[in-house]
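Here are my notes on the model, as numbered points. Please read them with the coordinates open.

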Amino acid sequence: MTLPSPAEPGLQALTESLREGRSTAVELTQAALARIAALEPKLQAFMHLDAAGALAQAQAIDARRAAGEDLGPLMGVPVAVKDLFTVDGMPTTAGSRLDVQDLVPKQGSFVNALQRAGCVIVGKTRTTEFALGGFNLDRAPPWNPCDMHVQRMTGGSSHGSAVAMAAGLAGFTVGSDTGGSVRWPAALCGVVGYKASARHWPCDGVFPLSPEMDSIGLFTQTAHDAAWVQAALGGQAPQTPPAVTALTLAVPAQHFMDQLDEPVQRCFEAAVTRLRAAGARIVNVETPEAREIDDVFRCLVPSDLLAFLGRERVTAQFGRLDAVAAARLEVAFEVRADDYLTMLARRRALERLVAERSMGIDAWLTPTVPMLPQPIAGFRSAADVAAWNRRATQNTRPGNLFGQCGVSLPIQHLGAGRPESASDAALPVGLQLCAAPGRDAALLSLACTVEGLLGQPPRPVLA
């Protein structure tokens, strides 16, 4: 694929090019749309594409810049957002065939912030139904660009945004994360995925799954780009990355190292070895509470969604649900009020407990997902998918349970295997860094340091 990507050569360089007049918002948007036109027939990353509207936005941005107006460093950057976010003039389905139009919220704070910053929203990316897991049986996920010959798992639920970023279809893309739905697909698609702290960006204007744990996230090519976007949306400059020798990183002693594919373990151990050799302080931390994720998520998440959708609506249209989403949502019909409140109190207690235990630690360090992206052909039943969901999110769900912010960095170049059917790049592996709630800017700054030390894998060959 020789068409230019609007994500290259990085958002800071892109900003300088726009401000110096070496490129325009229209040119960047045209490049994004041309790349989408070439790759989307196979990738299927988008639910809705608004080419005419995007070009009109870009023309307006260029006119404002020509008039001397500067909206900030993201002015003119093409962006795609997940089909849970309301964008005026675009449809919102939340990935479902259920009639939920009366529940779609008004355009909210985050999309407003993108538009105030001068971002050009090119369209809406695909999500699993109501973001309830990583796979739907009644419609295949987008095609993972890590292997253009065999269709592989992308993770969910923000898989459309992850695929769009991995294929370079936008400057950056937007998702949401309730149990790993940004970090998980980022790891399986080989890009950077940043999950903000739950209250870092308001979730109004986002179709909710579980308000206690919902958070907004970004997909970017690099940690530097993620730090750049996060700072720009806050009207600030990115923090200066710390020295490796200033870092204290904790490797959890329980749960997170279970059931690792051998290439994932090899890459993770190589990353830890390099960080330690460079002078980072690596310590162990006890994490027995992580094993509570199944109980809490089984109770809270589907109950919150059922409460929002309404029992009558779900009952009347139950046959229209995907089998995987239906199996998860059906559990909520039997959840008692006292059990729900007990689990809610426990989640909040766990957040406080883990925050206390993390004092003096800059970030937790774990594999993002315990396995490589598998071919989707092996998943034919709701039970198959449910088992995969539980294992694939074993390391991401604790971040939501504990209220942390988190980021996944691609590290497959440190030692993952190369199946015969894959492209020149190794199958993706993610390194997860999680920090205390509210430490978002510091986490992304730290991620820049780690990325600078570990390096980045080559981009996938899209052909």
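1. Start at the end of helix 5. The residue G168 follows this helix and has a positive phi, near 70 degrees. Keep in mind that this is a predicted model.

2. Is helix 5 enclosed or open to the outside? Helix 5 covers residues 159–166, and eight of the eight are buried, so the rest of the structure largely encloses it. The buried residues are H159, G160, S161, A162, V163, A164, M165 and A166.

3. Now the whole chain. It holds 15 helices and 11 strands. The C-alpha trace spans about 60 × 60 × 45 Å along its principal axes.

4. Of the 463 residues, 61% count as buried. Among contacts in the chain with a separation of 6 or more, 81% join residues 24 or more positions apart.

5. Surface and charge. The chain exposes about 16600 Å², and carbon and sulfur atoms supply 53% of that area. There are 40 positive and 45 negative charges, and their mean positions lie 2 Å apart.

6. Confidence. The average pLDDT of the chain is 94, and 97% of the residues score at least 70. Which stretch has a pLDDT below 50? It is residues 419–424, a stretch with 12 contacts in the model beyond near neighbours in sequence.

Key:
Residues numbered from 1 in each chain as written. Predicted model: local features only at pLDDT ≥ 70, side-chain atom pairs only at ≥ 80, totals over all residues. Heavy atoms only, no water. Helix = DSSP H or I, 4+ residues; strand = E, 2+ residues; numbered from the N terminus. Buried < 20%, exposed > 50% of the residue type's maximum accessible area, 1.4 Å probe, protein only. Contact = heavy atoms within 4.5 Å. Areas by Shrake-Rupley, 256 points an atom, 1.4 Å probe, with all protein chains shown as cover. Lys, Arg positive; Asp, Glu negative; His and termini not counted. Charge placed at Lys NZ, Arg CZ, Asp CG, Glu CD. pLDDT = per-residue confidence, 0-100.
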